[in-house]
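Please look over the sequence and the model below before reading on. The paragraphs that follow go from the terms used, through the fold as a whole, to single residues.

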Amino acid sequence: MDRHDGFREFVLARQQALTRTAYLLTGDAHLAEDLLQSTLVNVAKQWPRLSVDGNPEAYTRRALMNQYISWRRRLRREWPSASPPEHGVSHDEETVDRIVLRQVLAKLTRKQRAVLVLRFWEDLTEAQTAEALGCSVGTVKSQTHRALARLRALAPELAGPRSLPTLQEVMTP
């Protein structure tokens, strides 16, 4: 019997959801792949113990969050250029809102972004989010409050009567 029995099946079954979560955290498809790959390497090392008496789904989600928060790599960001693109692009209001919201989300701290992803994308409760991040429910509440306040402060034009794009619409590659 292989010590990794069931690991391949677990990854195949959960890969799409885990990739989507990693993308929501990083905001970059390539970084998301790197994040998920390094997380799954660590999960594979723990698989014999997890497959017998653990919760592989919860462990993997928490490992993904911990790996994301602890990454010391600086995110590659786009910087304004002295020469704008030659062809202008026209966007409707919803597209502009999605772009602005995506840019503002990138300015949140890693913990704030992780909390928003777990609460509003993964639809976890405060208690489940606290468990996934290894913190208290109070920390989840305060991080959510601070993250939403920062979103409002950085993009006041998004507040108002019109409907904002959902986190899913904003973060879909």
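Contact here means heavy atoms within 4.5 Å. This is a predicted model, in which local features need pLDDT of at least 70 and side-chain atom pairs count only at pLDDT 80 or more, while totals for chains, interfaces and linings use all residues. Residues are numbered from 1 along each chain as its sequence is written, and side-chain values use heavy atoms, with hydrogens and water left out.

The secondary structure comes to 8 helices and 0 strands, where helices (H or I, at least four residues) and strands (E, at least two) are DSSP runs numbered from the N terminus. Along the sequence the pattern reads α-α-α-α-α-α-α-α. Of the contacts in the protein with a separation of 6 or more, 74% are between residues 24 or more positions apart. The protein has 173 residues, and 36% of them count as buried. Buried means under 20% relative accessible area, exposed means over 50%, and partly exposed lies in between (1.4 Å probe, protein chains only).

One helix pair can be followed in detail. Two packed helices are described by the angle between their axes and the distance between the axes. Helix H6 covers residues 126-133 and helix H7 covers residues 137-154; they pack at an angle of about 100 degrees, with their axes 8 Å apart. H6 is therefore roughly perpendicular to H7. Axes are lines fitted to C-alpha atoms, for helices over the stretch in contact, and angles run from 0 to 180 degrees between N-to-C directions. Angles under 35 degrees count as roughly parallel, over 145 as roughly antiparallel, 65 to 115 as roughly perpendicular, and the rest as oblique. On the H6 side the contact is made by Glu126, Ala127, Thr129 and Ala130, and on the H7 side by Val137, Val140 and Lys141. The residues of this contact of H6 with H7 divide into 4 nonpolar, 1 polar and 2 charged. In this scheme Ala, Val, Leu, Ile, Met, Phe, Trp, Tyr, Cys and Pro count as nonpolar, Asp, Glu, Lys and Arg as charged, and the others, Gly among them, as polar.

Thr129 lies in H6 and is buried, with a relative accessible area of 0%. Leaving aside neighbours within four places in sequence, Thr129 is in contact with Val115, Leu118, Arg119, Leu124 and Val140. The side chain of Thr129 also reaches the backbone oxygen of Thr125 at 2.9 Å. This is a polar contact, a pair of N or O atoms within 3.5 Å; within protein, one must be able to donate a hydrogen and the other to accept it, and residues adjacent in sequence count only if both atoms are side-chain atoms.

On H7, Gln143 is buried at a relative accessible area of 14%. Not counting residues up to four places away in sequence, Gln143 touches Thr109, Lys111, Gln112 and Val115. The loop between helix H5 (110-121) and H6 holds Asp123. Asp123 has a positive phi of about 60 degrees although it is not a glycine, and at 64% relative accessibility Asp123 counts as exposed.

Is Thr39 buried or exposed? At 1% relative accessibility, Thr39 counts as buried. The side chain of Thr39 reaches the backbone oxygen of Leu35 at 2.8 Å. Beyond neighbours within four places in sequence, Thr39 is in contact with Thr60, Ala63, Leu64 and Gln67. Ser38, also found in H2, is partly exposed at a relative accessible area of 22%. With neighbours within four places in sequence left aside, Ser38 is in contact with Gln67 and Trp71.

Arg62 belongs to helix H3 (residues 56-70) and counts as partly exposed at 36% relative accessibility. Arg62 and Thr39 are 23 residues apart in sequence and 9.6 Å apart in space, C-alpha to C-alpha. Leaving aside neighbours within four places in sequence, Arg62 is in contact with Glu131, Ala132, Leu133 and Gly134.
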